[in-house]
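Hi everyone, thanks for having me. Today I'd like to walk you through one protein, starting with the whole chain and then stopping at two residues. Please have a look at the picture first.

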Amino acid sequence: DGLRVLAKARESAERYGVAAVTDARPGEPGETLAGVAGEVAADLIAVGDVGMGKARRLRLGGVAERAAHSAPCDVLIVRTRRKVRKTAEQPLYRKIVVGTDGSSTATEAVRKAFDLGMMLEIHVTVVYVAGDELVGSIVLERAVAAKPDWVPYSTRLERGQPADKLIDTAEGEDGDLMVVGNKG
């Protein structure tokens, strides 16, 4: 029953000191989440990576993908396929991987990744995936030009399918947060 699920979610949030309001609405879940986020002027939507619908780009469930593409705010897609047990001593995130193609949405993603890197005091890897290495080098140079001076970072130029290469980079570098633009 949906109301029971909402009550359990609210109770879980309140255990962590988060005031939660629940709402049940009809409609396609991803688009409904985005609509509610707009109504309440949300700064962030958090959704699991597995949801109703077939997995597609970046191996997301349909709800996460729809929410990410129609949201009026940032979307945090949490990996829910496996349980991760963290101790109190472990930081929430240790490494960020961010993809860029030089577009305006990718540039905003890189800016936000560096903001998070600064706030969390963690390493940021900026990845460009394409065929032209010269263009890639220029895009990467521009992407890191405005970063805060003391944020540790690296850049990677890759060839292949962008989503696959971002995932491979995140896995290869033990990245636990990936930042991407919602277009392109």
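When I say accessible surface, I mean an area worked out by the Shrake-Rupley method with a 1.4 Å probe. For this protein, that surface comes to about 11800 Å², and carbon and sulfur atoms account for 54% of it. Keep in mind that what you see is a predicted model.

Now, the overall layout. The protein has six helices and six strands. Reading from the N terminus, the order is α-α-β-α-β-β-α-β-α-β-α-β. The chain has 184 residues, and 28% of them count as buried. If we take contacts with a separation of 6 or more, 64% of them join residues 24 or more positions apart.

Let's stop at Thr 100, in strand β3, which covers residues 95–100. Is Thr 100 buried or exposed? Its relative accessibility is 7%, and buried means under 20%, so Thr 100 counts as buried. Leaving out residues up to four places away in sequence, Thr 100 touches several others, among them Ala 106, Val 110, Tyr 128 and Leu 140. A polar atom of the Thr 100 side chain also lies 3.2 Å from the backbone nitrogen of Gly 102.

Our second stop is Leu 44, part of strand β1, residues 44–48. Leu 44 has 47% relative accessibility, so this residue counts as partly exposed. Beyond four places in sequence, Leu 44 touches Cys 73, Asp 74, Val 75 and Leu 76. How far apart are Leu 44 and Cys 73 in space? From C-alpha to C-alpha it is 5.7 Å, although 29 residues separate the two in sequence.

Technical notes: Residues are numbered from 1 along each chain as its sequence is written. This is a predicted model: local features need pLDDT of at least 70, side-chain atom pairs count only at pLDDT 80 or more; totals for chains, interfaces and linings use all residues. Side-chain values use heavy atoms; hydrogens and water are left out. Helices (H or I, at least four residues) and strands (E, at least two) are DSSP runs, numbered from the N terminus. Buried means under 20% relative accessible area, exposed over 50%, partly exposed in between (1.4 Å probe, protein chains only). A polar contact is a pair of N or O atoms within 3.5 Å; within protein, one must be able to donate a hydrogen and the other to accept it, and residues adjacent in sequence count only if both atoms are side-chain atoms. Contact means heavy atoms within 4.5 Å.
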